[in-house]
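Student: Please take a close look at the pockets of this protein for me. I would like one connected account of what lines them and what lies around them.

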Amino acid sequence: MASLPDTNLRPKTWSEYVGQEQLKGNLDVIIKAARKRGEPLEHLLFYGNSGLGKTTMAHVIANETGAKVTTCAGPQLERVGDIASLLTNLEEGSILFLDECHRIHKSVTEMLYSAMEDYTLHLVIGKGPMARTMDIQLPRFTLIGATTKLQLLSSPFRNRFGATFQFNFYELQHIEQILERSSGILAVQLDPVARRQIAERSRLTPRVANRLLKRVRDFATIKGSSIITPEITEHAFAFLGIDKLGLEKGDRKILSTIVTRFRGGPVGAQSLAAACSEEEEAVLEVYEPFLIQQGLIERTQRGRVATPSAYRHLGLKLPNPELI
Ligand SMILES: Nc1ncnc2c1ncn2[C@@H]1O[C@H](COP(=O)(O)OP(=O)(O)OP(=O)(O)O)[C@@H](O)[C@H]1O
Ligand SMILES: [Mg+2]
């Protein structure tokens, strides 16, 4: 779900795509081997949190391999006819990028099985005893599926991908490189200290980093400064209520609710969401992954537990460390 203003910041080439080194290394082998054999690229499945570069990578691959890319999001494929016309219109060697592929309708997903496996579309025409099947040969294409919810994909669907890649949170230095590139594109100077301050609050996610950069740039513009200085950055973050770890009001509410209302946990996602007036999905997808990554909460079999770091971050005293 990339927002429109991100488009010009989105890297187009392999070298512009910063970070995810291991994933890039593995993909490089797959791409080179397919090219050497003169075969279409295997179907690839990308999963990981929002904003970590899945859509970007799909387009980079298309750009690097010279393949034409057709994009579609899962919820757009409601009927069997939708996927049939999409697949029959593909060109040989092209890429079909299916975003949010956990949200494709079951009957449509089932049609994808044979399409992925042997480039054939099994169509059932008519109903009841008069029904007959028709096989349509498809061009050899590559499906790149992207999802934030791998666990919602059926295993026959998952198994038909030649390789699955997890997108991880970025290293700080890579976020800094992304910010450097983005500030160039946005034609604003970024002081190295300010760059570090923004990177530290980016939740190690490129989309967040770019968003924060734009927000801080607004403050610089209003001040009439062509340089983003550490002072401007600090002022902007104080104003926006973004703390040193990049946590916003909503994140801190999750943490403080676990600590105060549930005495540090364990608490289930549903109860936590209700106590914070949030959707359970938002707790699971938006807030929790980064809080876990930062070691502020842990997921146990009985629910979420606040760690000692959470108490420290909130400036609260640990009740009894042995209980946590
Ligand atoms: N490796 C990268 N190097 C530089 N910029 C990146 C990188 N990955 C992502 N970005 C930036 O972050 C933005 C978000 O990335 P992208 O849209 O690819 O994320 P996504 O994983 O597809 O997210 P969602 O699950 O929400 O669709 C991009 O528009 C781009 O500007
Ligand atoms: Mg995307």
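This is a predicted model: local features need pLDDT of at least 70, side-chain atom pairs count only at pLDDT 80 or more; totals for chains, interfaces and linings use all residues.

**The pockets and their surroundings**

Tutor: In the largest pocket, helix H12 provides the largest share of the lining, six residues. The volume of the largest pocket comes to about 1000 Å³. Around that space stand 45 lining residues, and those nearest the centre are Asn49, Ser50, Gly51, Leu52 and Arg207. Several elements give two or more residues to this lining: helix H2 (54-65), strand E6 (142-147), helix H6 (172-185), H8, helix H10 (249-261) and helix H12 (280-293). Sorted by class, the lining of the largest pocket holds 17 nonpolar, 16 charged and 12 polar residues.

H12 also leads on to the second largest pocket, where H12 again gives the most to the lining, with six residues. The second largest pocket has a volume of about 470 Å³. Its lining is made of 20 residues, and Asn49, Thr148, Gln151, Leu284 and Pro289 are the ones nearest its centre. Besides H12, strand E1 (44-48) and strand E7 (163-167) each give two or more residues to this lining. By class, the lining of the second largest pocket has nine nonpolar, six polar and five charged residues. Asn49 is listed among the residues nearest the centre for the largest pocket and for the second largest pocket.

Next come the nonpolar cores. The largest nonpolar core has 48 residues, and the ones with the most contacts inside it are Leu27, Leu44, Phe46, Met57, Ile61 and Phe165. Helix H8 (residues 206-223) supplies the largest share of this core, seven residues. Domain 1 (4-167) and domain 2 (172-240) each contribute at least three residues to the core. H8 was already named above, as one of the elements that give two or more residues to the lining of the largest pocket.

Setting aside neighbours within four places in sequence, Phe165 is in contact with Leu23, Asn26, Leu27, Ile30, Leu44, Leu45, Phe46 and Tyr47. Another core, of 29 residues, lies apart from the largest one, and Tyr47, Leu90, Leu123 and Phe161 are among its members.

Technical notes
Residues are numbered from 1 along each chain as its sequence is written. Chains are lettered from A and ligands numbered from 1 in the order in which they are written. Side-chain values use heavy atoms; hydrogens and water are left out. A nonpolar core is a set of buried Ala, Val, Leu, Ile, Met, Phe, Trp, Tyr and Cys residues joined through side-chain atoms within 4.5 Å. Buried means under 20% relative accessible area, exposed over 50%, partly exposed in between (1.4 Å probe, protein chains only). Helices (H or I, at least four residues) and strands (E, at least two) are DSSP runs, numbered from the N terminus. Domain bounds come from an automatic or database domain assignment. Contact means heavy atoms within 4.5 Å. On a 1 Å grid over the protein atoms alone, a cavity is a set of points where a 1.4 Å probe fits but cannot get out, and a pocket is an open set with protein on both sides within 12 Å along at least five of seven lines; lining residues have an atom within 4 Å of a point. Grid points are joined across faces, edges and corners, and a volume is the space filled by probe spheres set on the points. Ala, Val, Leu, Ile, Met, Phe, Trp, Tyr, Cys and Pro count as nonpolar, Asp, Glu, Lys and Arg as charged, and the others, Gly among them, as polar.
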